[in-house]
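Hi,

Here is the structure I promised to send over. Have a look at it first, and my notes on what turned up are just below.

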Amino acid sequence: MDKCIFCLISNNQVESKKLFNNQFCFIIEDIAPKAPIHLLIIPHKHILRISDYDDIGRILASMFDVATNYAKDIGIVDDGYRLIINQGENSGQEVPHLHLHLLAGRKLLGMG
Ligand code: 5GP
Ligand code: ZN
């Protein structure tokens with residue numbers, strides 16, 4: 001997708017430091033962090049709606065694998081962290097390219 005910011009970062013057309021990168025996905029810091037640690041786990045493939053994919057379980061499982069392994073690597077497992085995926089307008093999704101938020105570093109209250 002030409003104008004999708006996460007596709008542009010994936011293709012290195014927009015600079016953003018990748019904390020992790022493999023053939024499937026990459027991790028960057030959120031540009032407007034909502035917690036001391038706020039990371040985005042982003043598949044390279046431009047996926048808009050998870051409900052459109054028959055094999056989405058495999059894709060999401062891979063994203064959660066990457067997120068939990070990275071959480072172990074940076075030592076936040078004992079204190080805890082939150083993983084969130086927004087989908088569609090009512091969720092407040094801003095970037096229409098599938099991504100998993102990882103939030104940590106403070107007590108996260110509520111679900112809003
Ligand atoms: P959403 O609301 O779509 O689930 O989350 C999109 C997230 O992407 C937001 O938290 C927003 O701050 C972040 N974001 C938007 N544009 C950029 C960008 O260019 N670089 C980075 N690192 N994060 C971005
Ligand atoms: Zn995209």
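This is a predicted model: local features need pLDDT of at least 70, side-chain atom pairs count only at pLDDT 80 or more; totals for chains, interfaces and linings use all residues.

The lining of the second largest pocket has five nonpolar, two polar and four charged residues. You can find them on your screen as Ile76, Asp79, Gly80, Tyr81 and Arg82, together with Leu103, Ala104, Gly105, Arg106, Lys107 and Leu108. Both β4 and β5 give at least two residues to this lining; β4 covers 81-84 and β5 covers 100-104. The space in the second largest pocket comes to about 160 Å³.

Now for the largest pocket, which holds about 760 Å³ of space. Its lining is made up of 30 residues, and those closest to the centre are Asp30, Lys34, His38, Glu94 and His101. Two or more lining residues come from each of α1, β2, β3 (37-43), β4 and β5. Of these, α1 has the largest share, with three residues. Sorted by class, the lining of the largest pocket has 14 nonpolar, nine polar and seven charged residues.

And what sits there? The largest pocket is the space taken by ligand 1. There are 16 residues around ligand 1, and the ones that come nearest are Glu29, Asp30, Glu94, His99 and His101. In this shell, seven residues are nonpolar, five polar and four charged. Two elements, α1 (5-10) and β2 (25-29), each contribute at least two residues to the shell.

A few contacts to ligand 1 are worth a look on your side:

- Asp30 places a polar side-chain atom 2.5 Å from an oxygen atom of ligand 1.
- His99 also has a polar side-chain atom by an oxygen atom of ligand 1, at 2.8 Å.
- Ile31 takes part through its backbone, where a polar atom is 3.2 Å from a nitrogen atom of ligand 1.

As for how much of ligand 1 is covered, it exposes 520 Å² when taken alone, and the protein buries 88% of that.

Best wishes

Key. Residues are numbered from 1 along each chain as its sequence is written. Chains are lettered from A and ligands numbered from 1 in the order in which they are written. Side-chain values use heavy atoms; hydrogens and water are left out. A residue is near a molecule or strand if one of its heavy atoms lies within 4 Å of it. A polar contact is a pair of N or O atoms within 3.5 Å; within protein, one must be able to donate a hydrogen and the other to accept it, and residues adjacent in sequence count only if both atoms are side-chain atoms. Accessible areas come from the Shrake-Rupley method with a 1.4 Å probe; for residues, only the protein chains shown count as cover. On a 1 Å grid over the protein atoms alone, a cavity is a set of points where a 1.4 Å probe fits but cannot get out, and a pocket is an open set with protein on both sides within 12 Å along at least five of seven lines; lining residues have an atom within 4 Å of a point. A molecule sits in a cavity or pocket if more than half of its atoms lie within 2 Å of its grid points. Helices (H or I, at least four residues) and strands (E, at least two) are DSSP runs, numbered from the N terminus. Ala, Val, Leu, Ile, Met, Phe, Trp, Tyr, Cys and Pro count as nonpolar, Asp, Glu, Lys and Arg as charged, and the others, Gly among them, as polar. Grid points are joined across faces, edges and corners, and a volume is the space filled by probe spheres set on the points.
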